[in-house]
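Here is a short report on one protein model. Look over the whole fold, then follow the details below.

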Amino acid sequence: MFHALSASVLDNVRNQFPNINSLEEAEFHMNLLEKEKGTESKAYYAAMLFMKAKYVKFPLTKYNNFKKGKASLDRLIQENKTNVELRYLRFVFQHEMPNFLNYNSNIQEDYSVIAKGIEKSDLNRQFKHKILKNMLLVKGITKDQTAQIKLLLNKI
């Protein structure tokens with residue numbers, strides 16, 4: 001039962017991401033994820049820090065949330081180099097972050113891990129489709145990446 005509850009918290013956040021539209025929503029999901037132990041739950045907690053940074057008003061608070069989210073997500077990826085879902089989260093955020101933050105050096109690396117690993121990953125088919133469709137929506141995605149993602153969507 002505990003695992004089912006844990007999975008439902010993660011599934012809830014997965015379903016809401018990246019459509020978090022307020023500081024309150026980000027904090028709500030952070031509170032749910034706080035007690036979760038899994039790698040993906042920790043990654044979404046880091047993602048909520050990024051979302052929180054997007055919606056808080058004070059520049060220093062924005063930057064501190066960004067730094068915490070970045071450190072946490074990068075550490076999780078360092079420990080789980082082939083995890084498609086973690087790479088997807090960082091791919092999305094690195095495309096969305098302002099250039100002056102210099103958080104964009106892993107875009108191609110993350111894209112490659114996702115493109116090579118998504119078919120064989122143990123994520124369910126519906127979630128794989130969601131990841132790929134969300135990747136098509138990020139700013140700055142190349143024509144080649146778009147074409148490859150569309151091919152992957154048809155394969156999965």
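Buried means under 20% relative accessible area, exposed means over 50%, and partly exposed lies in between (1.4 Å probe, protein chains only). Buried residues make up 48% of the 156 residues in the protein chain. This is a predicted model, where local features need pLDDT of at least 70, side-chain atom pairs count only at pLDDT 80 or more, and totals for chains, interfaces and linings use all residues. Residues are numbered from 1 along each chain as its sequence is written, and side-chain values use heavy atoms, with hydrogens and water left out.

**Overall fold**

The protein chain has eight helices and zero strands. Helices (H or I, at least four residues) and strands (E, at least two) are DSSP runs, numbered from the N terminus. The radius of gyration of the protein chain, taken over C-alpha atoms, is 15 Å, close to the 15 Å that the globule rule gives for 156 residues, so the chain is as compact as a globular protein of that length. That rule is 2.2 Å times the number of residues to the power 0.38. The C-alpha atoms fill a box of roughly 45 × 40 × 30 Å along the principal axes. Contact means heavy atoms within 4.5 Å. Among contacts between residues at least 6 apart in sequence, 58% join residues at least 24 apart.

**Helix 2 against helix 3**

Helix 2 (residues 23–33) and helix 3 (residues 39–55) pack at about 160 degrees, with axes 9 Å apart. Axes are lines fitted to C-alpha atoms, for helices over the stretch in contact, and angles run from 0 to 180 degrees between N-to-C directions. Helix 2 is therefore roughly antiparallel to helix 3 (angles over 145 degrees). The contact residues of helix 2 include Leu 23, Met 30 and Leu 33, and those of helix 3 include Tyr 44, Met 48 and Tyr 55.

**Helix 6**

Which residues of helix 6 (residues 107–117) are buried? They are Ile 107, Asp 110, Tyr 111, Ile 114, Ala 115 and Gly 117. Their cover includes helix 5 (84–96), helix 7 (125–137) and helix 8 (143–155).

| Feature | Value | Place |

Most residues other than glycine have a negative phi, and most peptide bonds are trans. Asn 102 counts as exposed, at 59% relative accessibility.

Notes
Angles under 35 degrees count as roughly parallel, over 145 as roughly antiparallel, 65 to 115 as roughly perpendicular and the rest as oblique.
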